[in-house]
Amino acid sequence: MPVRVLVVGGSGFLGREVCRRGVAGGCLVVGTYHSGSVGLPGVQVRRLDVTDRAAVCALVAEVRPDVVIGTTYRYADWAATADGAGNVAFAAAEVGARLVHISSDALHAGRPEPYADDDPPSPIFPYGAAKAAAETAVRAIDPGAVLVRTSLIVGEGSPQIRLCREALAGRGALFTDELRCPVDVSDLAAAVLELAASDYAGPLNVAGPDAVSRADLGLLVARRAGVDPAALKTTTTAEHGLVRPAVIRLDTTRAAALLRTRLRGVTELLAP
């Protein structure tokens, strides 16, 4: 029997790619949306508000998935990001589904040394606190769930790449003091589905091996497109008065040993 996969947040950038790869791999895929659209061949679509626990439980009970992949979040919405993750975990546990929860490096405070998979959250801004609370809820409800801690997600159509192109066109500026470990959306989706079929439990860093600033990412996008980077404007988070983690490097040694999927670095991904 084909594996039945429910992708909560299937209309998002990562969610759509997980849906697409799931269908290509022979899974029966149901993807949810809230305000966007999934719109992929072979994917059953359901509208869902993750802040409504009764609605989440009803949908999961109807679909009876083998696997639930929770990709949903809204940056400035605690209820969707934190409470929603708990609702999804509760519903998945009710039907005995394998849960893969997508977390974020944003739950760390930032430091020069790389973060290990098991380093505890140390959030310093609201979104990071919401992602930390989401992990806490998921682990309390389902200790067997895997928590995928990832970084900036890139690829064609990525909001991160779009910001770089906007800055190269003179619209906006990119930070020089925020370092992250970008990962390709297709690599991340493949890793997520691979983890869904495993028995791994707990947090796992799944990101690219290259740590770059957002300004460096803009230069790589310019080089890839053959665009003169001279117009690129840069700034710092301090100049903008933002309180966000500065340097976050994720140690992906464990993921590299565990996964068949190769997590490519952004330098390779955006090579000319």
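This is a predicted model: local features need pLDDT of at least 70, side-chain atom pairs count only at pLDDT 80 or more; totals for chains, interfaces and linings use all residues.

Numbering runs from 1 along each chain as its sequence is written, and side-chain values use heavy atoms, leaving out hydrogens and water.

Start by selecting L14, I69, V100, V148, L188, L195 and V206: they have the most contacts inside the largest nonpolar core, which has 30 residues. (Such a core is a set of buried Ala, Val, Leu, Ile, Met, Phe, Trp, Tyr and Cys residues joined through side-chain atoms within 4.5 Å; buried means under 20% relative accessible area with a 1.4 Å probe, protein chains only.) Now colour α6 (185-196), as the largest share of this core, 8 residues, comes from there. Helices here are DSSP runs of H or I, at least four residues, and strands are E runs of at least two, numbered from the N terminus.

Next, click K131 in helix α4 (residues 126-141). What is the nearest side chain of opposite charge? For buried K131 it's E135, 7.8 Å away, and there is no salt bridge (Lys or Arg side-chain nitrogen within 4 Å of an Asp or Glu carboxyl oxygen).

Finally, select Q160, I161, C164, A167 and L168, the buried residues of α5 (residues 159-168). Look down the axis of α5: these fall within an arc of 120° (directions from the axis to the C-beta atoms), so they line one face of the helix.

Technical notes
Buried means under 20% relative accessible area, exposed over 50%, partly exposed in between (1.4 Å probe, protein chains only). Lys and Arg count as positive and Asp and Glu as negative; His and the chain ends are not counted.
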